[in-house]
Amino acid sequence: MYQRNTIQRAIILQAVKKLKNHPTADEVYAEVIKEYPTISRTTVYRNLQKLSEAGEIRHCELLGGADHYDHLCTDHYHVRCVKCGKIVDADMAYLPDLEKGLRSDHGFAIFKHDIIFQGICPACQKRENSEKKDNREENE
Ligand SMILES: [Zn+2]
Ligand SMILES: [Zn+2]
């Protein structure tokens, strides 16, 4: 039994790492059942929770609503596509100094901060450009 749990946990961790871009629990489940169709949704959800409690993945509260899981456990920022909702890791150093000003100005004991940059991902830009082109062609 112990061994079976360990194997399931490893499979689920692998799926989060493979998906990279902050999958929801449902997306992880969809990935896992491609190769292991017998795993239940409950098992996937339970193991995601255990993995994040163990610090092997991060549960992120980026968007409210659905739970997202992050394979990257160090402090980092995110970039979100406002068109398709995709979230990627920002290629930028974490700035612990940001918290200093706030602590002294407001008396809060700050323990973390998140930054989400908003933009349009390359795939959506491409789609938008080709839609614009289509419209132009229709108007000509
Ligand atoms: Zn997009
Ligand atoms: Zn991330």
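**Reading strands, domains and burial**

Me: Which residue in β5 is the bridge partner of Val-79?

Reply: The bridge partner of Val-79 in β5 is Phe-117. This is a predicted model, in which local features need pLDDT of at least 70 and side-chain atom pairs count only at pLDDT 80 or more, while totals for chains, interfaces and linings use all residues. Residues are numbered from 1 along each chain as its sequence is written, with chains lettered from A and ligands numbered from 1 in the order in which they are written.

Me: How many bridges join β3 to β5, and how many join β3 to β4?

Reply: Strands (E, at least two residues) and helices (H or I, at least four residues) are DSSP runs numbered from the N terminus, and two strands pair if DSSP finds at least two bridges between them. Here β3 (residues 78-81) is joined to β5 by 4 bridges, the two strands running parallel, whereas 3 bridges connect β3 with β4 in an antiparallel arrangement. On the β4 side, Arg-80 has Ile-87 as its bridge partner.

Me: What is the order of the strands in this sheet, and which are its edge strands?

Reply: The order is β4-β3-β5, in an open sheet of 3 strands with mixed pairing. The edge strands, β4 (87-89) and β5 (116-119), each pair on one side only. Neighbouring strands are turned by 30° against each other on average, direction ignored, where the axes are lines fitted to C-alpha atoms (for helices over the stretch in contact) and angles run from 0 to 180 degrees between N-to-C directions.

Me: Which residues of β3 belong to the covered face, and which to the uncovered one?

Reply: His-78 and Arg-80 form the covered face of β3, while Val-79 and Cys-81 form the uncovered one. The hairpin of β3 and β4 has 5 residues between the strands, and Gly-85 there takes a positive phi near 80°.

Me: Which residues have the most contacts inside the largest nonpolar core?

Reply: A nonpolar core is a set of buried Ala, Val, Leu, Ile, Met, Phe, Trp, Tyr and Cys residues joined through C-beta atoms within 7 Å. The largest one has 13 residues, and Ile-12, Val-16, Val-28, Val-32, Val-44 and Leu-48 have the most contacts inside it. The helices α1 (2-19), α2 (25-35) and α3 (41-53) each supply at least two residues of this core. Among the residues that Ile-12 touches, not counting those up to four places away in sequence, are Val-28, Val-44 and Leu-51.

Me: Where are the domains divided, and how many residues does each bring to their contact?

Reply: Domain bounds come from an automatic or database domain assignment, which here gives domain 1 (1-72) and domain 2 (74-140). Their C-alpha centres lie 24 Å apart, and the contact takes 5 residues from domain 1 and 8 residues from domain 2. The side of domain 1 that touches domain 2 divides into 2 nonpolar, 3 polar and no charged residues, where Ala, Val, Leu, Ile, Met, Phe, Trp, Tyr, Cys and Pro count as nonpolar, Asp, Glu, Lys and Arg as charged, and the others, Gly among them, as polar.

How values were computed: Two residues are in contact if their C-beta atoms, placed from the backbone, lie within 7 Å. A residue is buried if 20 or more other C-beta atoms lie within 10 Å of its own, exposed if 12 or fewer, and partly exposed in between; C-beta atoms are placed from the backbone.
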